[in-house]
Amino acid sequence: MKTNKSKKSHQIDENGMLLADPPKDIGNKEKFQRLNYLYQLSTWTTMTGIQPNQNGLARLYSKDLDLISKKTKTSISPNMKRSICKKCHRILIPTITSKTIIKNLSTSKSKKVNPKNDVLECHCQCGVIKRYPIGQNRNYKLNSEKDNTSTALDST
Amino acid sequence: MSNSLKALDKKIAKRRQVYKPLLDSPFIRESNYWPRIKDQKIVTHLLQNSILNKCKHFESSSIPRSEWPWDILFDFNEIISFLSSTDSHDKDDSAILFVCNKDQDIPAILLQQIPILCYLSQRKVSLIQLPRGSLQMFQEAITDRAIDNGLLLLRGNSKLDSSFVRQIEYSIEEDTNPLTIPWLESLKYKPSDIKLVKSSMPLQQNKVKKIKTPHRK
């Protein structure tokens with residue numbers, strides 16, 4: 001058995017990092033599936049809500065989602081987090097629960113506004129504003145979108 | 001192969017690669033929601049010849065925008081307010097929205113909202129995605145203002161020549177599939193999409209230092 005172990009060659013990259021293959025299976029599958037279900041349920045109740053301005057049930061589901069992800073230390077993608085209000089836990093769907101606007105607060109004396117100061121503002125119904133400085137780097141990509149390997153798990 | 005101390009130092013592993021699971025949104029899959037156009041060349045050609053070249057000509061002859069033979073919107077805020085407005089007398093207005101979603105320099109977070117906005121709008125909006133390089137085409141045609149977001153909305157109201165609208169819509173509708181966002185109406189449970197994000201961690205964890213307690217007599 002010892003000889004088999006010694007035969008395994010470990011690859012080291014230029015930065016002195018020991019490379020490894022991606023795992024075939026992931027732990028905590030059930031927790032991820034639970035979070036996924038809660039998110040979808042929250043979106044569905046937002047869309048088919050009886051009381052359009054309150055979304056009480058939908059907010060409850062997404063609050064549960066947030067709590068469970070923190071308790072179980074399971075990470076959620078930034079794209080998914082961006083679609084949930086941090087204060088009232090509403091699912092942010094444009095024209096239904098949120099409004100989007102681009103603001104440019106350039107204070108230069110010249111009439112031309114600097115496009116680098118463009119800020120995308122997402123206004124939730126509760127009054128909270130999410131701000132994304134899109135003018136700083138228009139080609140900005142999230143780390144999870146840059147270089148990764150993705151696997152889709154079959155749900156049961 | 002250099003035998004410098006730095007090169008030798010790099011051969012010894014200090015960190016190891018790890019994969020961290022990350023739950024991705026089941027809905028944010030942009031490519032699924034953008035309507036596909038079979039022949040983009042025809043649409044681009046039609047847009048350039050019928051609209052953009054004329055816009056360029058109007059601008060060069062300094063004709064004010066209110067006198068143009070159509071209502072055209074470039075600003076993101078104007079387009080959003082047009083799509084989300086609920087005025088009853090304007091409901092019958094149709095609109096054609098051209099988006100340069102393949103070009104660089106257009107923030108992804110801005111483009112994510114466009115298909116949903118068009119789908120939820122009370123107006124009839126035909127969403128057209130343009131091929132790469134269309135943003136430059138816009139910028140060449142409209143020079144008096146910066147077009148950074150790659151959006152062009154053409155209102156199909158009474159101001160516009162009806163035969164002209166028919167010609168554009170006919171050529172577009174033939175090649176365009178209708179916009180569908182299934183999760184906004186009848187939701188079907190989607191399997192969880194878990195990504196593995198590459199990361200690294202040190203090979204040797206820092207040992208917890210034992211706090212020296214003074215001997216008690």
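B:T44 is buried, with a relative accessible area of 13%, where buried means under 20% relative accessible area, exposed over 50% and partly exposed in between (1.4 Å probe, protein chains only). The model is a predicted one, in which local features need pLDDT of at least 70 and side-chain atom pairs count only at pLDDT 80 or more, while totals for chains, interfaces and linings use all residues. Residues are numbered from 1 along each chain as its sequence is written, chains are lettered from A in the order in which they are written, and side-chain values use heavy atoms, with hydrogens and water left out.

B:T44 lies in helix α3 of chain B, helices (H or I, at least four residues) and strands (E, at least two) being DSSP runs numbered from the N terminus. Once its neighbours within four places in sequence are set aside, B:T44 is in contact with B:L130, B:P131 and B:M137, contact meaning heavy atoms within 4.5 Å.

In the largest nonpolar core, which has 54 residues, the members that touch the most others are B:I72, B:L83, B:L97, B:F98, B:I114 and B:F138; such a core is a set of buried Ala, Val, Leu, Ile, Met, Phe, Trp, Tyr and Cys residues joined through side-chain atoms within 4.5 Å. Helix α3 (residues 40-60) of chain B gives this core its largest share, six residues. A second, separate core of 21 residues includes A:Y39 and A:I76 as well as B:Y19 and B:F27.

Helix α4 (residues 76-84) of chain B has B:F76, B:I79, B:I80, B:F82 and B:L83 as its buried residues. Seen down the axis of α4(B), these residues fall within an arc of 165 degrees, so they line one face of the helix, the arc being that of the directions from the helix axis to the C-beta atoms. An α-helix has 3.6 residues a turn, so residues three or four places apart point the same way.

Chain A has five helices and six strands, which follow one another along the sequence as α-β-α-α-β-α-β-β-β-α-β. Buried residues make up 35% of its 156 residues.

| Item | Value |
|---|---|
| Residues in contact, chain B | 51 residues |
| Residues in contact, chain A | 53 residues |
| Area buried between the chains | about 4800 Å² |
| Carbon and sulfur part of that area | 63% |

Buried area is the accessible area (1.4 Å probe) that two parts lose on being put together, summed over both. Across this interface the rule finds zero salt bridges, a salt bridge being a side-chain nitrogen of Lys or Arg within 4 Å of a carboxyl oxygen of Asp or Glu.
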